Amino acid sequence: MNFKSIIAALAVTTLFVGNTVNAQVTTKDSVATSKVQHFNFDKMESETIVEGIKRKWFHGEKGQMTIFNLEKGAHIPWHQHPNEQITYIMSGKVKIKTIIDGKEQFVEVGAGEVIVFPENVPHEFWALEETVDLDVHVPVREDWLSKELPAYLKKSK
């Protein structure tokens, strides 16, 4: 091996080790400065957002989780948002109107089932029976951060 090859190998090794060390420090710094949060849904107080619909929710930096308690007949009007929504029906059953393959369609989702709405896909819910619905939104719903109820929920029946 000649001198230039040794210098080149040393430079590449130094660059690799230097970046690896920086990446580790950055990772350690980001972990050390992240805020770990701990919630207990059972101890959270529900808020009634409209008649027949209660929710408990919290959020982290990038996403949020909500438990909705829907009375039979509760309605969440047609709306959309710039957040992906993953809905898991823990108990009960809902009828959902949404857009699938470019067409308005109705889907029934029952206990143990999940439906995922990509961002900006409109959807509407009707509780066919008393239902517990766990929703995850990513990113955090900015429209929920204020105490003001989103306009579409003011239309709930």
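Contact here means heavy atoms within 4.5 Å. The model is predicted, so that local features need pLDDT of at least 70 and side-chain atom pairs count only at pLDDT 80 or more, whereas totals for chains, interfaces and linings use all residues. Residues are numbered from 1 along each chain as its sequence is written, and side-chain values use heavy atoms, with hydrogens and water left out.

I67 is located in strand 3 (residues 64–70); strands (E, at least two residues) are DSSP runs numbered from the N terminus. With a relative accessibility of 13%, I67 counts as buried, where buried means under 20% relative accessible area, exposed over 50%, and partly exposed in between (1.4 Å probe, protein chains only). Apart from neighbours within four places in sequence, I67 is in contact with F41, K54, R55, K56, V132, D133 and L134. The C-alpha atoms of I67 and L134 lie 4.5 Å apart, although 67 residues separate the two in sequence.

Backbone geometry was examined next. Most residues other than glycine have a negative phi, and most peptide bonds are trans. D101, which is not a glycine, has a positive phi of about 50°. D101 is in the loop between strand 6 (93–100) and strand 7 (103–110) and is exposed, its relative accessible area being 74%. N120 also has a positive phi, near 65°, and lies in the loop between strand 8 (114–117) and strand 9 (123–127). At 39% relative accessibility, N120 is partly exposed. The peptide bond from V138 to P139 is cis, with omega near -5°, and P139 is in the segment after strand 10 (131–138).

Technical notes. Helices (H or I, at least four residues) and strands (E, at least two) are DSSP runs, numbered from the N terminus.
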